[in-house]
Amino acid sequence: MAASILTKAFWPILGGLVAGSGFCGYKWQTSKPAPGALEAKVLYTPTVMPIAYKAYGNPQAAGGRYYLAKTILHNSGGLPIKNVRVSYRVPGYVDNWTTAEPYDQVLPGQTLVDLYYPKFNRDISKTRTVTTAQVEIKITYDDSEGKPKERVETRNFQLRGINDMVYTTIPDDERTNSWFDFVDNYLAWACYITPNDELVKRFQGRVTATMPGGTAAGMDSNDKETEAFLSALWNYLNEVALHYVGTTGIPQEVAGDSTAMVQSCALPRDILEKGSGLCIELSLLWATMCESVGLKPYIILIPGHAFVVVQNPTTGTAYPIETTMVGGINEKEGRLYTISEGVAAAKETFDKARARGVFLALDVQREQSRGMRPPELESKDVTAFDNLLDKRMRSRRAAPPPPQPEPQVVERPVYIDRPVPVPVPIPVPVPEPQPAPTPPPPPPPAAPELDLSIQYWTSDTQRLRVAYPAFTRPRPDLVMLKRGKAPFITFTASDDAARMYVEGYELGAKPKDLDDAQEAWEDGMDDIDVDYKIHSKFDKVVGDFPARYFIATITTKDKRKRAAECCIVRTPTGYVGWLVAIDELFAPRFSAVKDQVMANSAYLP
């Protein structure tokens with residue numbers, strides 16, 4: 001009886017145990033983390049300029065923008081992935097795999113970004129025609145089970161000729177109609193400035209030989225010597241018949257047409273040899289010659305044109321020069337232009353560009369010190385170069401030239417509104433009484449430094465400098481910067497470390513007053529689906545323009561709140577404004593930029 005009862009109880013208990021163990025096994029299997037899964041996305045530069053090959057290998061050049069490849073690694077699994085390594089090479093130009101930076105592990109959900117700055121060998125500067133090259137990316141890692149894995153991906157890119165300038169690196173679908181987007185790669189012009197070129201040095205020696213004393217000493221600290229060199233350079237370029245050709249040196253904006261983004265530009269040595277150049281080429285030549293004697297050159301870019309400004313680094317005196325007038329004929333008077341006329345023309349152009357706020361000033365020496373260095377150049381026959389220049393000089397002298405005035409030095413009134421001392425008449429001596437000696441004329445006041453910067457403000461982290469319109473990349477991920485979606489936004493910029501971003505915009509309609517302008521701004525925020533709340537506001541005059549300043553809270557699509565400083569200004573052509581936002585709500589340090597934002601807004605066209 002007892003055995004029968006035990007037997008009856010045993011089987012249900014055993015069945016329960018089996019079922020329970022199966023359920024636990026099922027739960028253990030279903031709750032086990034998924035293995036690690038490494039996803040890789042490779043972004044790369046589709047076009048490389050050999051003229052700037054040193055910048056591509058320098059993470060500091062232009063803020064690190066000249067990387068060749070960017071590898072984005074993401075672990076979408078549930079377990080870590082260990083010993084991750086990313087290596088690169090460019091067959092034919094960088095033959096050995098780079099030493100991979102070690103990543104001990106990539107945690108679940110973690111994303112890593114690896115940048116490649118290739119150390120191209122110098123032979124890349126010998127490239128003369130468009131060539132297809134390839135970058136290889138090797139990714140090695142240990143999976144969740146400790147098994148080694150490896151994958152290799154390749155991307156083809158276009159290697160341009162040594163003279164090719166790529167004007168913009170912004171893709172068509174991210175580029176706005178702004179001229180600044182069209183020339184966002186302008187820092188690369190610094191790579192065309194070659195003061196150490198043997199032909200440049202030879203030409204500089206010939207120029208200084210025409211100066212009193214035949215030396216370039218002191219021109220970097222003495223305005224008189226600086227002006228003597230600029231005049232000698234102008235006159236000597238006339239002597240060797242160098243002249244301007246072409247109707248434009250900076251391609252006009254062609255929205256959406258990437259084929260119009262590249263232009264072949266001669267190096268200064270090539271311009272000296274061929275004896276002519278476009279406006280950008282002549283500006284590069286002048287900048288090169290002036291840097292070779294210790295002066296500080298700037299390349300000024302405006303839509304459709306370029307010219308040079310030369311500054312004495314010690315005194316701060318600046319000389320805008322319209323280089324296209326060298327060798328040109330003043331048809332009204334039937335003679336060659338003088339340097340005084342070239343300086344006056346450039347100053348007028350520069351003043352107009354500053355008034356509009358649409359220009360870029362490239363500080364050549366600063367950018368070269370940051371890594372935008374020129375390439376090594378092949379050796380040239382200096383004797384043949386001398387013979388070529390002598391032949392041109394003989395031809396110029398043999399041809400009947402137009403009437404030409406005597407060589408002139410730069411006249412002070414034309415380059416910086418500097419007053420000219422009025423000569424004091426010499427008194428006629430009489431026997432008695434002797435007149436008191438006439439005091440010498442007072443020296444002219446120091447010329448104010450020519451401000452070549454665009455109006456800007458800088459974040460507290462000193463990492464974000466924003467000008468209008470800015471040398472920045474559009475950020476569609478922040479403000480949906482797509483044509484048609486938010487057409488009123490003209491540019492955006494961000495400081496990822498400070499979690500700040502800035503945008504400039506132009507109100508599409510013509511508001512009748514500041515209240516109407518604020519309403520238009522609010523409509524713009526609605527258009528891009530951004531929630532906002534205005535907390536405080538006040539009106540003031542910025543320059544001669546009425547302006548409204550207000551503080552708002554902006555909530556983005558990811559539900560992140562940002563404190564925002566906003567300013568709307570009514571300019572002669574309509575309403576424009578700034579919006580500067582930061583993640584930390586009402587951060588006290590952010591208020592420090594308020595006045596700068598408002599002051600800069602006054603310059604918007």
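Is D123 buried, partly exposed or exposed? Select D123 and look: with a relative accessibility of 46%, D123 is partly exposed. Here, buried means under 20% relative accessible area, exposed means over 50%, and partly exposed lies in between, using a 1.4 Å probe and protein chains only.

**Before we go on**

This is a predicted model, where local features need pLDDT of at least 70 and side-chain atom pairs count only at pLDDT 80 or more, while totals for chains, interfaces and linings use all residues. Residues are numbered from 1 along each chain as its sequence is written, and side-chain values use heavy atoms, with hydrogens and water left out.

**Stop 1: the whole protein**

Show everything as a cartoon. You will find 14 helices and 26 strands; these are DSSP runs numbered from the N terminus, with helices being H or I of at least four residues and strands being E of at least two. The protein has 605 residues, and 48% of them count as buried. A contact means heavy atoms within 4.5 Å. Among contacts with a separation of 6 or more, 67% are between residues 24 or more positions apart.

**Stop 2: the cores**

Hide the surface and select F120, W189, F203, F229, L230 and W286. These have the most contacts inside the largest nonpolar core, which has 102 residues. Helix α7 (residues 279-292) gives this core its largest share, nine residues. A nonpolar core is a set of buried Ala, Val, Leu, Ile, Met, Phe, Trp, Tyr and Cys residues joined through side-chain atoms within 4.5 Å. In soluble globular proteins, nonpolar side chains tend to be buried together.

Zoom in on F229. Leaving aside residues up to four places away in sequence, F229 touches V207, T208, M211, M219, M289, C290, V293 and L295. Then move to W521, C566, I568 and Y575, which are among the 12 residues of another core, apart from the largest one.

**Stop 3: salt bridges**

A salt bridge is a side-chain nitrogen of Lys or Arg within 4 Å of a carboxyl oxygen of Asp or Glu. By this rule, there are 23 salt bridges.

Go back to D123, which pairs with K126; their closest N and O atoms are 3.6 Å apart. K126 is partly exposed too, at 47% relative accessible area.

Next, select E376 and K54, whose side chains form a salt bridge at 3.3 Å, N to O. Because E376 is in the loop between α9 (364-369) and α10 (382-398) while K54 is in helix α2 (residues 53-56), the pair ties together parts 322 residues apart in sequence.

R370 and E367 are another pair, at 3.8 Å, N to O. R370 is partly exposed at 43%, whereas E367 is buried at 3%. Finally, pick R202, R206, D386 and D390: salt bridges with shared partners join them into one network.

**Stop 4**

Most residues other than glycine have a negative phi. N83 has a positive phi, near 55°. Look for N83 in strand β4 (residues 81-89). Then find A241, also not a glycine, with a positive phi of about 65°. A241 sits in the loop between α5 (223-239) and β10 (243-244) and is partly exposed, at 23% relative accessibility.
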